[in-house]
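This briefing walks through one protein model, topic by topic. Keep the structure in view while reading the points.

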Amino acid sequence: MLEHTDWAELEHAYGPARDTPVRLVQLLNEDPEVQAGALGMLDMSVLHQGSLYSATAPAALYVAAVLNDPRAMTVHEDFSVRDDRPRPLRAALLEWLGMVAESAAYGETTGEDDGNDPRDTDAVRAVRGPIFHAVLPHLRSAVPTVRDAALGATAALLRSPVLSDRVTVATRMLRELISESSDRRERAAAVLTLGAWGEDSTRWLTDPDPAVRACAALSPGCEGNAAATRTVLQALLDPVTVDSWFAEPTAADPWAGRPLPHIEGRLRHALLATAIDRTTEFEELLPAALASVPFCSNLTVADDWGPLLAAVFPSGYDRETPLTPAQHRYLKALVERDVCWRYTPLIRSWFDDIGLPPDRDALRTLMAGTADARRPAVPR
């Protein structure tokens, strides 16, 4: 690969890729600091901010080819700027291959422009098959960080429609992993991945671990499954516990923890979005909605109380129709939550869409009028 590739004719983010083979060789240097520096330079050059170049495909093939080298098990904490946990180089290389696959999959099925030279994108897409076969065995690694990185890379590679026939073998390995592992995050990530692949996750709705049950319930295949919906709603009654299941990034600390695969944002917000989608009456959603209020603020409106408000008023607010008891209870809880009203421009659009005033006093007046309308008339 190194000797028969004309690297000077290839390019990366900084021009001709003449230096790339040197960096690739340095990945297996006996000095961990040199290894870390080599991976950092490769990340900046042949995968600069997720962009693909003519040097990306051969570099990725080389990385896949050396995954099994014993020198890839050197442990270091700076193998990736994205994850500073002490871990083997092999885990960082798998993570890097996953990022290459993510970039290659962008726009593949939607036709969106990925901003790369189409020839470079096509070249990377063409080598995902051999990369997949190099990555897959590491799902059975004895090292948790390696398994975690292999799972992410496998999921990214199988976004390719060309590799759809490889899902079966990966599914079998993930099912074995779930049954054998005692690590909560690993089991949940595997269940989420199987669900994203369209595999049946209902067997884990009765798992002893509530976090795994919740992740199984999120599977698109569980839409319409009453037991899955109950699982989601039950979990949302205790937001503190849900937030304790995994160390996740937060708005206050976006670098804390690691996001779960196939989850946009936090798990609690994903559960809430699923609950909104799968319930038809707000009364069924009300207990979970009220439980979420102590965690709402003006900064979280797009993730929790904004979508919930839209669910409270699916057809918008009608001035001629009194609020239902459920609508009244939820609005009252929001009005009493001070941090939701710190900077109203952040929340205004949600209220405008529904037809409600984004003002606490106006909402209090509105709710008082509804209460008066419901109060029985006193005979004269």
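Helix α6 itself runs over residues 128-135, and six of its eight residues are buried, so α6 is largely enclosed by the rest of the structure. The model is a predicted one.

- The buried residues of α6 are Arg128, Gly129, Ile131, Phe132, Ala134 and Val135.
- In α5, the buried residues are Asp120, Thr121 and Val124. These three lie on the same side of α5, because they cover an arc of only 100° around the helix axis.
- The other side of α5 has the exposed residues Pro118, Arg119 and Ala126.
- The buried residues of α5 pack against α3, α4 and α6.

**Ala150 in helix α7**

- Ala150 belongs to helix α7.
- Its relative accessible area is 0%, so Ala150 counts as buried.
- Apart from neighbours within four places in sequence, Ala150 is in contact with Leu94, Val135, His138 and Leu139. One of these contacts, Val135, is also among the buried residues of α6.
- From Ala150 to Trp341, the C-alpha to C-alpha distance is 44 Å, and the two are 191 residues apart in sequence.

**The protein as a whole**

- The protein has 380 residues, and 50% of them count as buried.
- Its secondary structure consists of 18 helices and four strands.
- The C-alpha trace spans about 100 × 45 × 35 Å along its principal axes.
- Among contacts in the protein with a separation of 6 or more, 62% join residues 24 or more positions apart.

**The largest nonpolar core**

- In soluble globular proteins, nonpolar side chains tend to be buried together.
- The largest nonpolar core in this protein holds 120 residues, and the members that touch the most other members are Trp96, Leu267, Trp305 and Tyr330. Helix α4 gives the largest share of this core, with 11 residues.
- Leaving out residues up to four places away in sequence, Trp305 touches Cys296, Ser297, Asn298, Thr300, Tyr330, Leu334, Cys340, Ile347 and Phe351.

- Gln327 is placed in helix α16, which covers residues 325-335.
- Is Gln327 buried or exposed? With 12% relative accessibility, Gln327 counts as buried, because the cut-off for buried is under 20%.
- Residues up to four places away aside, Gln327 touches Val312, Phe313 and Pro322.
- Pro322 is found in the loop between α15 (305-312) and α16.
- At 45% relative accessibility, Pro322 is partly exposed, whereas its contact Gln327 is buried.
- Pro322 is 83 residues from Pro239 in sequence, and the two are 31 Å apart in space, C-alpha to C-alpha.

**The largest cavity**

- How many cavities of 30 Å³ or more are there? The count comes to one.
- The largest cavity contains about 50 Å³ of space.
- Its lining is made up of Leu236, Pro239, Arg268, His269, Leu272, Ala288, Ala291, Ser292 and Asp304. The elements that give two or more residues to this lining are α13 (267-278) and α14 (282-292).
- By type, the lining residues divide into five nonpolar, two polar and two charged.

**Two residues with positive phi**

- Gln49 is a residue other than glycine, yet its phi is positive, near 50°.
- Gln49 sits in the loop between α2 (32-45) and α3.
- With a relative accessible area of 73%, Gln49 is exposed, because exposed means over 50%.
- His262, which is not a glycine either, has a positive phi of about 65°.
- The place of His262 is the loop between α12 (239-245) and α13.
- The relative accessible area of His262 is 42%, so this residue counts as partly exposed.

Notes: Residues numbered from 1 in each chain as written. Predicted model: local features only at pLDDT ≥ 70, side-chain atom pairs only at ≥ 80, totals over all residues. Heavy atoms only, no water. Buried < 20%, exposed > 50% of the residue type's maximum accessible area, 1.4 Å probe, protein only. Contact = heavy atoms within 4.5 Å. Core = buried A, V, L, I, M, F, W, Y, C linked by side-chain atoms within 4.5 Å. 1 Å grid on protein atoms, 1.4 Å probe; cavity = no way out; pocket = protein on both sides within 12 Å on 5 of 7 lines; lining within 4 Å. Points joined across faces, edges and corners; volume = space filled by probe spheres on them. Nonpolar A, V, L, I, M, F, W, Y, C, P; charged D, E, K, R; others polar. Arc of directions from axis to C-beta.
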